[in-house]
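Dear colleague,

I am passing the structure below on to you, together with an account of what was found in it. Please read the notes with the model open beside them.

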Amino acid sequence: MKYDVEISKGAKEFLYFLDEKSRQICKKNLNKLEDNPYPGRGSGDKEKIMVAGKERYRLHIGQTFTAFYVIFETKKLVRVVELLPIDKAHKKYGYK
């Protein structure tokens, strides 16, 4: 069953300021969450993490960007809450 993918206002603004090629790469990868939002199922670099005591999922998009998202299983909804350059994501969330 497919999931709806919803992108937050902040993530949409981030996409808006990217060059066309980067924007298309991000959109293509985010759309893959429709079929498969969970880690360990199919392709993609997805991981379940804890952020400020809240369960989140993270998706690396190439070696350039990171998306953070929440899955609402009962609604079959994936909400992308943040999209960042990968280095800023690592600094913000403590990854090395």
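**Salt bridges and their surroundings**

Arg79 is partly exposed, with a relative accessible area of 30%, and please bear in mind throughout that this is a predicted model. The side chain of Arg79 meets that of Glu6 in a salt bridge, at 2.4 Å from N to O. This pair links distant parts of the chain, since Glu6 belongs to strand E1 (residues 4-7) and Arg79 to strand E5 (residues 77-85), 73 residues apart. Glu6 is likewise partly exposed, with a relative accessible area of 35%.

A salt bridge also joins the side chains of Glu47 and Arg58, with a distance of 2.6 Å from N to O. Here too the pair links distant parts of the chain, Glu47 lying in strand E2 (residues 45-51) and Arg58 in strand E3 (residues 54-61), 11 residues apart. Arg58 counts as buried because its relative accessibility is 7% and the cut-off for that class is under 20%, whereas Glu47, with a relative accessible area of 31%, is partly exposed. Together with Asp45, these two residues form a network of salt bridges.

In the salt bridge between Lys76 and Glu73, the closest N and O atoms are 2.2 Å apart. Both partners are partly exposed, Lys76 with a relative accessible area of 23% and Glu73 at 33% relative accessibility. The count of salt bridges comes to seven, and the pairs described above are among them.

**The sheet and the helices on it**

The five strands form an open sheet with the order E1-E5-E4-E3-E2 and mixed pairing. Its edge strands are E1 and E2, each of which pairs on one side only. On average, and with direction ignored, neighbouring strands of this sheet are turned by 35 degrees against each other. E2 and E3 run antiparallel and are joined by seven bridges; in this part of the sheet, Lys46 has Leu59 of E3 as its bridge partner.

Helix H1 (residues 9-16) lies across E1, strand E4 (65-72) and E5, and runs at about 45 degrees to E5. Helix H3 (residues 86-93) also packs on the sheet, where it touches E2, E3, E4 and E5, and its direction makes about 100 degrees with that of E5.

**Nonpolar cores**

Which residues have the most contacts inside the largest nonpolar core? They are Ile61, Tyr69 and Leu83, in a core that has 19 residues. At least two residues of this core come from each of H1, helix H2 (20-31), E3, E4 and E5, and E4 gives the most, with four residues.

Leaving aside residues up to four places away in sequence, Leu83 touches Ala11, Phe14, Leu15, Cys26, Ile61, Phe65, Thr66 and Ala67.

With best regards

Technical notes:
Residues are numbered from 1 along each chain as its sequence is written. This is a predicted model: local features need pLDDT of at least 70, side-chain atom pairs count only at pLDDT 80 or more; totals for chains, interfaces and linings use all residues. Side-chain values use heavy atoms; hydrogens and water are left out. A salt bridge is a side-chain nitrogen of Lys or Arg within 4 Å of a carboxyl oxygen of Asp or Glu. Buried means under 20% relative accessible area, exposed over 50%, partly exposed in between (1.4 Å probe, protein chains only). Two strands pair if DSSP finds at least two bridges between them. Axes are lines fitted to C-alpha atoms, for helices over the stretch in contact, and angles run from 0 to 180 degrees between N-to-C directions. Contact means heavy atoms within 4.5 Å. A nonpolar core is a set of buried Ala, Val, Leu, Ile, Met, Phe, Trp, Tyr and Cys residues joined through side-chain atoms within 4.5 Å.
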